[in-house]
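Here is a friendly walk through one protein model, written for someone who likes to know which cut-offs sit behind each word. Please keep the viewer open as you read.

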Amino acid sequence: MIRRCTDRDFERIYSVINDSAVAYRGVIPEDRLKTPYMSREELRHEIDEGVVFYGFEEEGEIQGVMGIQQVLDVTLIRHAYVCTARRNRGIGGKLLSHLRQMTDKPILIGTWRDASWAVRFYEGRGFKLVSE
């Protein structure tokens, strides 16, 4: 089930993001990889700035999250993470498909260039690189 996350989900969103971010170890610049990858303060700031999180819930617990944010004339997909133990089961694709249906504006997604799995994920769903 995909649903909009609420304030009650804050700790679970935080947990999913930081569990999933271990995949960046050895991939992104070391000065960008901290523990936790995203602090509670940073997460709160993102939400306060308009990122709305949706969660994929399975077995009564959120297993993946993805944020959507409207900025001027575009929609941003932000902070897409799936629990390490639940990867490669279609959760990210289902979340992305759900969020794509929520807008008719152009969608922009940012990810780490060296996170090749993330680039392949988005390219496999029709997105194109806009610049290096």
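## Strands, helices and a pocket

Gly 64 has Val 82, in strand 4, as its bridge partner. Before going further, a word on the ground rules: this is a predicted model, in which local features need pLDDT of at least 70 and side-chain atom pairs count only at pLDDT 80 or more, while totals for chains, interfaces and linings use all residues. Residues are numbered from 1 along each chain as its sequence is written, and side-chain values use heavy atoms, with hydrogens and water left out.

Helices (H or I, at least four residues) and strands (E, at least two) are DSSP runs, numbered from the N terminus. Two strands pair if DSSP finds at least two bridges between them.

**The sheet**

The pairings can be set side by side:

| Strands | Sense | Bridges |
|---|---|---|
| strand 2 (52–58) and strand 3 (61–71) | antiparallel | seven |
| strand 3 and strand 4 (74–82) | antiparallel | seven |
| strand 4 and strand 5 (107–109) | parallel | three |

Val 52 has Ile 68 of strand 3 as its bridge partner. Ile 68 in turn stands opposite Ile 77 in strand 4, and Ile 77 stands opposite Ile 109 in strand 5.

In the hairpin of strand 2 and strand 3, two residues lie between the strands, and Glu 59 takes a positive phi near 55°. The hairpin of strand 3 and strand 4 also has two residues between its strands; Leu 72 in that turn has a positive phi of about 50°.

How much of strand 4 is buried? Seven of its nine residues are, so strand 4 is largely enclosed by the rest of the structure. Buried here means under 20% relative accessible area, exposed means over 50%, and partly exposed is in between (1.4 Å probe, protein chains only). Strand 3 is mostly covered, with eight of its 11 residues buried.

**Helices against the sheet**

Strand 4, helix 3 and strand 5 make a right-handed β-α-β unit. Right-handed means that, with the strands pointing away from the viewer, the path from the first strand over the helix to the second runs clockwise.

Helix 3 covers residues 91–100, and its buried residues are Ile 91, Gly 92, Gly 93, Leu 95, Leu 96 and Leu 99. These pack against strand 1 (2–4), strand 2, strand 3, strand 4, strand 5 and helix 4, where contact means heavy atoms within 4.5 Å. In helix 1 (residues 10–20), the buried set includes Phe 10, Ile 13, Tyr 14 and Ile 17. The buried residues of helix 1 pack against helix 2, strand 2, strand 3 and strand 4.

**A pair of threonines**

Which side chain makes a polar contact with that of Thr 75? The side chain of Thr 103 does, at 2.8 Å. A polar contact is a pair of N or O atoms within 3.5 Å; within protein, one must be able to donate a hydrogen and the other to accept it, and residues adjacent in sequence count only if both atoms are side-chain atoms.

Thr 75 is found in strand 4 and is buried, with a relative accessible area of 0%. Thr 103 lies in the loop between helix 3 and strand 5, and Thr 103 counts as buried because its relative accessible area is 18%. A polar atom of the Thr 103 side chain also lies 3.0 Å from the backbone nitrogen of Lys 105. Leaving out residues up to four places away in sequence, Thr 103 touches Gln 70 and Thr 75. On the same terms, Thr 75 touches several residues, including Ile 68, Lys 105 and Ile 107.

**A tryptophan in a loop**

Trp 112 is found in the loop between strand 5 and helix 4 (116–123). Trp 112 counts as partly exposed because its relative accessibility is 27%. Between Trp 112 and Gly 64 there are 19 Å in space, C-alpha to C-alpha, and the two are 48 residues apart in sequence.

**The largest pocket**Strand 4 gives the largest share of this pocket's lining, seven residues.
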